[in-house]
Amino acid sequence: MATKAVIPFLIAMMLLTGVCNTLLTKYQDLQCVRNCDSTDPAKIQRFSQPVIQTAQMFIGEAGCWLVTAAFTLYSRFFAKDGPLLHRGYEQVGSEDSTIINTPDGLAPTPSTHEETISAIKPLIPNTDERIPLVGWRVFLLAMPACCDLTGTTLMNVGLLFVAASIYQMTRGALILFVGLFSVVFLHRKIYLYQWSALFIVVAGVAVVGLAGAIAPNPQAQPKPPVPPGASLVAIRDAVKAAAVSSGALQSIVGVFMIAGAQIFTATQFVLEEWILEQYALEPLKVVGWEGVFGFLVTFVGMIILHLAIGRTDAGRNGYFDMQEGWREVTQYPSIAVTSVLIMISIGGFNFFGLSITQNVSATARSILDTCRTLFIWIVSLGLGWETFKWLQIVGFALLVYGTFLFNDIVRPPLKACVERHKPEPLLPEEPIEHM
């Protein structure tokens, strides 16, 4: 268990990097890249490059290798007690600790060595009986990386059409598909109250999607400047009518794309669980390898799609126009800077999230991820990126309750639903959340 000084830092950094990742991605989507002074809202083009954003994510994940290399160098050349990452856990001698009174008796205080170990558990080699994931076996991680690629790209497209908070809440549908796939493929057992929790999550996602359709994201339809001498009433009515009709449809499409993407994310988690049940590898290296494989597949796919679709008349300036996407990233400083920040936030979120899971508990990480959604909502409201919707509160409450009920954070309302024995975790290895 990490010390009291380490835990608040890990929590704060996980929340900060997680919130920044979603908000920075949405900020990119709002940047105008073409016809910014046009009076016709249909001609105004904003940054719409979900494939490039997926590549950014994988670069951030691959950046975890830098953290691994840094700790390896530190343990080899600077650590006083020898290589931390190669020894794993060690019993602390009397010279490294003092005795303190506790409710259960006398116990040694954690030493500096223990504090360092607790903070870098995701980097420590596994010591169980599983086969090390090395050599050609590493390529097994390309399978979940491809699922991550598909799911992330779909979510990035969906984020173009919905508010950041609705995007984050809709991702709550992940628990439904993880539960179903764990039962079908991993032969886990789900109890009655957990099935009820899954239906509550589905209801919450539906309510959140309805809230987005009734009151679409105001940033999706920017108001054009009013030309001199034009009828203010006529322009206002026309823009309002177009925004209501197209905005509602876009929000519905966005919610369905984000919810559907959770199928691929759940498949990724189940594949990771299946691989890590048989092979052992440090969690942060799993993220790093998936980042490498994901980026390579994404880069090759970008070239193929650009040649097949992006350079055609119909595909020019679209999602698969690699040349246009590169121009937008390099020509607009705001997009370039946020791209770098997104990469950093992705790597940081994975490291701090894994540290929370291994130093505290998976339950704590689940609660923190719920707080992350709440912070994203609050910041989006403060920035004026979306409007307050009471219906969204109802959907969010259903999502939180269903998720907490499923993860045994809250007790079922009926005694008959309470299981006498502790339920078997669906994914004992704890899936690695990449966003």
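This is a predicted model: local features need pLDDT of at least 70, side-chain atom pairs count only at pLDDT 80 or more; totals for chains, interfaces and linings use all residues.

Q: Why is Arg34 called partly exposed?
A: Arg34 has a relative accessibility of 26%. Buried means under 20% relative accessible area, exposed means over 50%, and partly exposed is in between (1.4 Å probe, protein chains only), so at 26% Arg34 counts as partly exposed.

Q: How do you know where the predictor is confident in the protein?
A: Look at pLDDT, the predictor's confidence in each residue, from 0 to 100. The protein averages 78, and 73% of the residues score at least 70. Confidence is highest in helix H2 (residues 50-62), at 94, and lowest in helix H4 (residues 84-87), at a mean of 44. Helices here are DSSP runs of H or I with at least four residues, strands are E runs of at least two, and both are numbered from the N terminus. By that count the protein has 15 helices and 6 strands.

Q: Which stretches have pLDDT under 50?
A: One is residues 82-99, for which the model has 38 contacts beyond four places in sequence. Another is residues 220-244, with 21 such contacts. A contact means heavy atoms within 4.5 Å.

Q: Why is the pair Arg188 and Glu277 said to tie together separate parts?
A: Arg188 forms a salt bridge with Glu277, the closest N and O atoms being 2.7 Å apart. Arg188 lies in the loop between helix H8 (174-185) and helix H9 (192-214), and Glu277 in helix H10 (residues 232-278), so the bridge ties together parts that are 89 residues apart in sequence. Arg188 counts as buried at 10% relative accessibility, whereas Glu277 is partly exposed at 37%.

Q: How many salt bridges does a search of the whole structure find?
A: It finds 6. Among them is the one between Arg316 and Asp313, at 2.9 Å, N to O. Arg316 is partly exposed, with a relative accessible area of 43%, and Asp313 is exposed, at 67%. Salt bridges that share partners also join Arg34, Glu324 and Arg327 into one network.

Q: How do you know that the buried residues of H12 line one face?
A: The buried residues of H12 are Glu324, Gly325, Glu328 and Val329. Seen down the axis of H12, they fall within an arc of 135°, so they line one face of the helix. The arc is that of the directions from the helix axis to the C-beta atoms. On the other side of H12, Gln323 and Trp326 are exposed.

Q: Why is Phe47 called buried?
A: Its relative accessibility is 0%, so Phe47 counts as buried. Phe47 lies in the loop between strand E2 (45-46) and H2. Beyond its neighbours within four places in sequence, Phe47 has contacts that include Asp29, Leu160, Glu328 and Val329. The C-alpha atoms of Phe47 and Asp29 are separated by 5.0 Å, although the two are 18 residues apart along the chain.

Q: What stands out about phi in Asn35 and where does Asn35 lie?
A: Phi of Asn35 is near 55°, a positive value in a residue other than glycine. Asn35 lies in the loop between E1 and E2 and counts as partly exposed at 39% relative accessibility.

Definitions and conventions:
Residues are numbered from 1 along each chain as its sequence is written. Side-chain values use heavy atoms; hydrogens and water are left out. A salt bridge is a side-chain nitrogen of Lys or Arg within 4 Å of a carboxyl oxygen of Asp or Glu.
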